[in-house]
Number of protein chains: 2
Amino acid sequence: MFFGEFTHSIDSKGRVAIPAKFRKFLEKGAVVTKGLDNSLSVYPIIEWQTLAEKLAKLPLTQSSSRAFVRMMLAGAADVELDKQGRIVLPEYLRIYGGINKKVVIAGIYNRIEIWDSEKWQAFKSESERNSGEIAEKLKELGI
Amino acid sequence: MFFGEFTHSIDSKGRVAIPAKFRKFLEKGAVVTKGLDNSLSVYPIIEWQTLAEKLAKLPLTQSSSRAFVRMMLAGAADVELDKQGRIVLPEYLRIYGGINKKVVIAGIYNRIEIWDSEKWQAFKSESERNSGEIAEKLKELGI
DNA sequence: TGTGTAGTGGGGAATTGTGGAGAAGTATGG
DNA sequence: CCATACTTCTCCACAATTCCCCACTACACA
């Protein structure tokens with residue numbers, strides 16, 4: 001499964017190198033879509049399928065979940081690794097993520113998140129300031 | 001089972017030698033991640049898996065647990081012992097831990113903690129000063 | 001004093017990340 | 001239906017980092 005944090009850069013064609021450790025899980029195909037907090041999420045095709053099924057089952061009566069499903073499904077694009085292990089991020093996703101030159105690629109268990117580097121740093125320092133809360137969580141989980 | 005306290009040094013490539021006593025538990029693989037008080041935690045891969053599963057089950061909808069999961073999982077790096085029994089600490093973890101040249105490696109039951117040597121000393125004398133208080137807490141816990 | 005183990009350091013090879021040039025494919029306008 | 005411009009894909013090449021191996025020193029134990 002995915003974990004770790006990597007800083008890579010996007011070239012003029014919108015390509016990002018996927019960390020070598022992650023590649024073998026994406027070889028069969030992958031899907032990029034809009035994630036939470038203005039991040040982009042990359043799922044291996046298998047994970048994506050089960051996720052899409054779950055999304056399809058959400059009650060469409062609630063407008064909030066309707067919006068969420070739309071965001072995830074309509075925002076999705078399937079991507080392939082090129083010979084150097086890179087994927088191309090479609091322009092509309094780069095805009096959504098506010099992505100400039102530097103990006104952070106983070107492994108989050110069953111998905112990969114792609115963040116604009118500055119946004120990531122901001123998010124991180126924000127949550128490290130709340131480390132008291134975090135200690136509570138650790139206790140709850142018995143870690 | 002890990003216990004004891006060791007002082008080692010990090011070389012220019014970010015490598016630290018794991019105390020020989022601890023190595024056999026980490027041979028199958030290990031994961032380093034961010035711990036509390038700016039320490040780093042090393043878990044044997046087996047321990048880590050159960051931990052990661054717990055994390056993966058936390059609700060994504062709550063922003064506080066989202067941040068927590070991101071910090072734990074994205075902060076993690078899987079490491080392997082080289083032939084000399086060392087692991088490489090990724091740069092972002094060295095920064096998080098404020099790690100310079102000297103580190104203290106402490107065994108804490110099911111995990112190993114890595115501290116910057118100075119921070120460790122500071123933390124230790126701090127808690128020794130509060131040892132009375134701590135003893136009180138221990139009594140509450142029935143120890 | 002020899003032998004083994006543990007910790008430290010460094011050199012060279014292989015892998016990874018990055019950029020760019022050319023070919024193939026797609027769209028647009030006449 | 002063709003020609004042109006534009007985008008996308010594939011391939012090649014360089015630079016930097018990481019990994020793997022070997023060597024040295026220090027200490028412990030016979």
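Reply:
**The surface near DNA strand C**

β1(B) gives the largest share of the surface near DNA strand C, with 3 residues. Please keep in mind that this is a predicted model: local features need pLDDT of at least 70, side-chain atom pairs count only at pLDDT 80 or more, and totals for chains, interfaces and linings use all residues. Residues are numbered from 1 along each chain as its sequence is written, while chains are lettered from A and ligands numbered from 1 in the order in which they are written.

Two terms first. A residue is near a strand or molecule if its C-beta atom, placed from the backbone, lies within 6 Å of it.

Sorted by class, the surface has 7 nonpolar, 10 polar and 4 charged residues. Here Ala, Val, Leu, Ile, Met, Phe, Trp, Tyr, Cys and Pro count as nonpolar, Asp, Glu, Lys and Arg as charged, and the others, Gly among them, as polar.

Now let us follow β1 of chain B into its sheet. Six strands of chain B form an open, antiparallel sheet in the order β1-β7-β8-β4-β3-β5; two strands pair if DSSP finds at least two bridges between them. β1 (2–9) and β5 (77–79) of chain B each have a single partner strand, so each stands at an edge with one side left without a neighbour in the sheet. From one strand to the next, the twist averages 25°. For such angles, axes are lines fitted to C-alpha atoms, for helices over the stretch in contact, and angles run from 0 to 180 degrees between N-to-C directions.

Further in, β7 (residues 102–109) and β8 (residues 111–116) of chain B run antiparallel and are joined by 6 bridges. Within this pair, Ile108(B) stands opposite Arg111(B) in β8(B). Helix α5 (residues 117–129) of chain B packs on the sheet, where it touches β1, β7 and β8 of chain B, and its direction makes about 100° with that of β8(B). Two residues are in contact if their C-beta atoms, placed from the backbone, lie within 7 Å.

What about β1 of chain A? Chain A also has an open sheet of 6 strands, antiparallel and in the order β1-β7-β8-β4-β3-β5. Its edge strands are β1 and β5 (77–79) of chain A, each pairing on one side only.

The two chains also meet: 17 residues of chain A are in contact with 20 residues of chain B. On the chain A side, the elements giving two or more residues are β1 (2–9), β7 (102–109) and α6 (131–141). Of these, α6(A) gives the most, with 5 residues. By class, this side of chain A has 10 nonpolar, 4 polar and 3 charged residues.

Finally, a look at the other DNA strand. Around DNA strand D are Asp82, Lys83, Gln84 and Val88 of chain A, and Asp82, Lys83, Gln84 and Val88 of chain B. That surface has 2 nonpolar, 2 polar and 4 charged residues.

Key: Helix = DSSP H or I, 4+ residues; strand = E, 2+ residues; numbered from the N terminus.
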